[in-house]
Amino acid sequence: MGDDPEFTRAWVLHPDIKSDKDRRDATLALAEAVSLAHALPELKVVGEEVVPLPKVRAGMLFGSGKIEELGQRITAADVELVLIDGPVTPVQQRNLEKAWKVKLLDRTGLILEIFSDRAATREGVLQVEMAALSYQRTRLVRAWTHLERQRGGLGFVGGPGETQIEADRRAIDTQLVRLRRQLEKVVKTRSLHREARAKVPYPVVALVGYTNAGKSTLFNRLTGADVMAKDMLFATLDPTMRRVELENGPEVILSDTVGFISDLPTELVASFRATLEEVLAADIVLHVRDISHPETEAQAEDVATILTDLGVGTDRVQFEVWNKIDLLPEEEAAAVRARAERDENVFALSAITGEGIDGLLEHVAQALQGAVITETLVLPYAEGRKRAWLFEQDVVENERQGEAGFEFDLRWTAVQKAQFDGL
C-alpha cells in the first residue's frame, strides 16, 4: 500500500483512441483528467500518461501487451487506484482490476465522486445520490458474477427465485423513487424562494462558464464573498447568490453557478439541470472564459451547447468575459484586448488583478437600465385585482389617491411591466 496513509495513490490514464474522429488533443485531455483527480483531496496522483490505442478491445479495453506493460509500472509505483479518462464497461473494469490488482474508476465514476464530495445544499446532495444510483444501475448488467446467482423466494410461492441482479436493481429503483420524491419537495421549496426573489425588483446576473474559468474568483471580487475559489475543477457546485450594488446602476443579484465540462456524464447532465435553473431566471448571462487556455474555443462551444439545451435563448442579454488575460504574454494580451474592444459584447479582464472589471460593470449597468424602470402609473379605482398584483410584486414605491384613480410611483422590471400589461 501507499507510503502515506492519508492519501490514495492514483495513476491517471487517457486512452487516445485513434479510431475516434472527434477525439480531443490527448495532452490537454490528460491535463484536464489530472485536474479532475486533484479535485479529490484524498487522492495523490503518482503517475499520468496518454495511452495510444488503435481501437478499443471489448473485454479488456487495452491489448494484452499494453496491459502487462502498464501493470508493471502501476505495481512499481505502489498504485492503489487507476483513473481512466473515458468510459469503461463493467466487464472491462472487472478484468482490469483483476489484472492490475487495484481499484479502477472511469471518468463518470470520478466526476460522481467529486460531485458527492462538493455538493453542499440538500438539493445538491440528493441529485448526486440519484446520479450515483443511476450510474450503479448501469453497472449491474453482469458486472459481478455473484449477481447472477439465483436467490430463492421466501418459500410461500413456488418457482425460481429472483436473481441477485434483479433484487439489486429493484432496490436501486425503490431508492431512486424515494430520492425523486424528496428532490421534488426541495425543488418546490427552492422555486418558492425564487418566486419571493422575483417579487424584489432586482435584476439577476448569472455567471456561467467552463469549469476553472475563474467564475468564483470574479464572483468574490465583485461581492466580497468568500466562495471557494481554488484552482481545481468543480470548485463550486451549488449556485451562490449575493446582492451587489452597481455604481451608477441598479442593485443586482449575482449568481455563481457550477462549471461546465465536456463529456459530462449523462446521469449528471439530467440531475444537475436544477442547479443551473438560476440561469433561466437571469436578466443577463455573463459567460466567463479562460482566454489563456489552449482549448478556450472548444470550451466556449461546450458552454453554448449546454445553455441552448437549458433553453437560454438569444432573447437573454449575454456578455462574454475573457478572463485570465494576466496569464498571457504581453503581446498576446494586447491582441486579445484589441479583439475584445471591437465587439461591444466582449470584455477582456483579469479577476485576479481587477483589470477591465470596471468596464464590464459599466456595460452591465447600462444594459440593466432598460430592465429596471421607474415610472408613475394611474389605475382606475375599479381595477382592484391589478392593484393587488402590484403590491404582490412589491414594485410600489408610493401610492396616492387621485381624481382618476390610484396613482402609483413604481420601480419594476421590463418583464414585470409586460406581465402587468397582460393582466
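Me: Which strands does helix 13 lie across?

Reply: The model is predicted. To place a helix, look for the strands that it touches and then for the angle between the axes. Here helix 13, residues 384-392, lies across strand 11, strand 12 and strand 13. The helix runs at about 45 degrees to strand 13.

Me: What is the order of the three strands in the open sheet?

Reply: The order in a sheet is read from one side to the other, by pairing. In this sheet the order is 11-13-12, and the pairing is antiparallel.

Me: Which are the edge strands?

Reply: An edge strand pairs on one side only. That holds for strand 11 (372-379) and strand 12 (396-401). Neighbouring strands of the sheet are turned by 20 degrees against each other on average, with direction ignored.

Me: How many bridges join strand 11 to strand 13?

Reply: Pairing is followed bridge by bridge. Eight bridges join strand 11 to strand 13, residues 406-413, and the two run antiparallel. For one of the positions to look up, take Leu-377: its bridge partner in strand 13 is Phe-408.

Me: How many helices and strands does the protein have, and what percentage of its residues count as buried?

Reply: There are 14 helices and 13 strands in the protein. Of its 423 residues, 48% count as buried.

Me: What share of the contacts with a separation of 6 or more comes from residues 24 or more positions apart?

Reply: Such residues account for 68% of those contacts in the protein.

Conventions: Residues are numbered from 1 along each chain as its sequence is written. This is a predicted model: local features need pLDDT of at least 70, side-chain atom pairs count only at pLDDT 80 or more; totals for chains, interfaces and linings use all residues. Side-chain values use heavy atoms; hydrogens and water are left out. Two strands pair if DSSP finds at least two bridges between them. Helices (H or I, at least four residues) and strands (E, at least two) are DSSP runs, numbered from the N terminus. Axes are lines fitted to C-alpha atoms, for helices over the stretch in contact, and angles run from 0 to 180 degrees between N-to-C directions. Contact means heavy atoms within 4.5 Å. Buried means under 20% relative accessible area, exposed over 50%, partly exposed in between (1.4 Å probe, protein chains only).
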